[in-house]
Amino acid sequence: MDRVAVAWRNGGGITREIFVHPPGADNYRWRLSIADVSEDGPFSAFPGYRRMITVLTGVGMRLTVDGAEHDIGPLEPFAFDGDAQTTCTLLGGPITDLNLIVRTGDRGAVRVVDVTEPLTVTGPAGIVVVRGTATVDGHPLRSPDAALVDRATDATLQPHGATSVALIDLPA
């Protein structure tokens, strides 16, 4: 899946946008992206937004958010204020992480689930395959492919073998 590479606000790397709403907006309502983190350092500030980060690959990271330390392991979503002073220390080498950023006050959440049976996903929602393969309404997906479920529809997620997905609740 081709994704647009976007420079981090602090210039320390890039993230690849999966979905942004509205499309192409700098002042978006929400954005879902994947970033490769290869070294320790500060996070960019996102005033007026809430962030949810989930380590997809690698051992994990320690986030220091406004002075409080939080160890984040693989597939453990963690939410924090986008305006918080945040730094990252990698716990065992490079990681890849999934980022959901939503305007403060808007609904948004990430949960990672193992799927063995067909699952109906009600929109508005995002689906990111984090391990394994699946189809969503007949469209094949493999890690880290994604699908967007419109707010007016449901989608059927069919796993193929052992599959883990990130289910993302999005603002209406």
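Mentor: Welcome! In this predicted model, six strands make an open sheet in the order 1-2-3-10-5-8, with antiparallel pairing.

Trainee: What makes strand 1 and strand 8 the edge strands?

Mentor: Strand 1 (4–7) and strand 8 each pair on one side only, and that puts them at the edges. From one strand to the next, the twist averages 30 degrees.

Trainee: How do you know that strand 3 and strand 10 pair?

Mentor: Two strands pair if there are at least two bridges between them. Strand 3 and strand 10 (residues 95–103) have eight bridges, so they meet that rule. Their pairing is antiparallel, and Asp-36 stands opposite Thr-96 in strand 10.

Trainee: Which strands form hairpins with two residues between them?

Mentor: Strand 6 and strand 7 form one of them, and strand 13 and strand 14 form another. Strand 6 (residues 61–65) and strand 7 (residues 68–72) run antiparallel and are joined by five bridges, with Leu-63 opposite His-70. Asp-66 in that hairpin has a positive phi near 50 degrees.

Trainee: And what joins strand 13 to strand 14?

Mentor: Four bridges join strand 13 (residues 125–136) to strand 14 (residues 139–142), and these two strands run antiparallel. Thr-135 stands opposite Pro-140, and Asp-137 in the turn has a positive phi of about 50 degrees.

Trainee: Let's turn to the rings. How many aromatic pairs are there?

Mentor: The count is three. One of them joins Tyr-28 and Tyr-49.

Trainee: Why is the pair of Tyr-28 and Tyr-49 called tilted?

Mentor: The ring centres are 5.2 Å apart, which is within the 6.5 Å limit for a pair. The planes stand at 45 degrees; stacked needs under 30 and edge-to-face over 60, so this pair is tilted. Tyr-28 lies in the loop between strand 2 (14–21) and strand 3 (30–37), while Tyr-49 is in strand 5 (residues 49–57), so the pair ties together parts that are 21 residues apart in sequence.

Trainee: Are Tyr-28 and Tyr-49 buried or exposed, and how do you know?

Mentor: Buried means under 20% relative accessible area. Tyr-28 has 4% and Tyr-49 has 7%, so both count as buried.

Trainee: What makes Phe-43 and Phe-80 a tilted pair?

Mentor: Their centres lie 6.2 Å apart and their planes are at 55 degrees, so this pair is tilted too. Phe-43 sits in the loop between strand 4 (41–42) and strand 5, and Phe-80 in strand 8 (residues 78–81), so the pair ties together parts that are 37 residues apart in sequence. Phe-43, at 17%, is buried, and Phe-80, at 6%, is buried as well. Together with Phe-78, Phe-43 and Phe-80 form one aromatic cluster.

Trainee: What lines the largest pocket?

Mentor: The largest pocket holds about 370 Å³ of space, and 25 residues line it, with Trp-8, Arg-9, Thr-15, Arg-31 and Phe-46 nearest its centre. Strand 3 gives the largest share of this lining, four residues. By class, the lining has 13 nonpolar, six polar and six charged residues.

Trainee: How do the residues lining the second largest pocket divide by class?

Mentor: That lining has seven nonpolar, one polar and three charged residues. Its residues include His-21, Trp-30, Asp-150 and Leu-170, and about 210 Å³ of space lies in this pocket.

Definitions and conventions. Residues numbered from 1 in each chain as written. Predicted model: local features only at pLDDT ≥ 70, side-chain atom pairs only at ≥ 80, totals over all residues. Heavy atoms only, no water. Phe/Tyr/Trp six-rings, centres within 6.5 Å; stacked < 30°, edge-to-face > 60°. Buried < 20%, exposed > 50% of the residue type's maximum accessible area, 1.4 Å probe, protein only. Axes fitted to C-alpha atoms, helices over the stretch in contact; angles between N-to-C directions. 1 Å grid on protein atoms, 1.4 Å probe; cavity = no way out; pocket = protein on both sides within 12 Å on 5 of 7 lines; lining within 4 Å. Points joined across faces, edges and corners; volume = space filled by probe spheres on them. Nonpolar A, V, L, I, M, F, W, Y, C, P; charged D, E, K, R; others polar.
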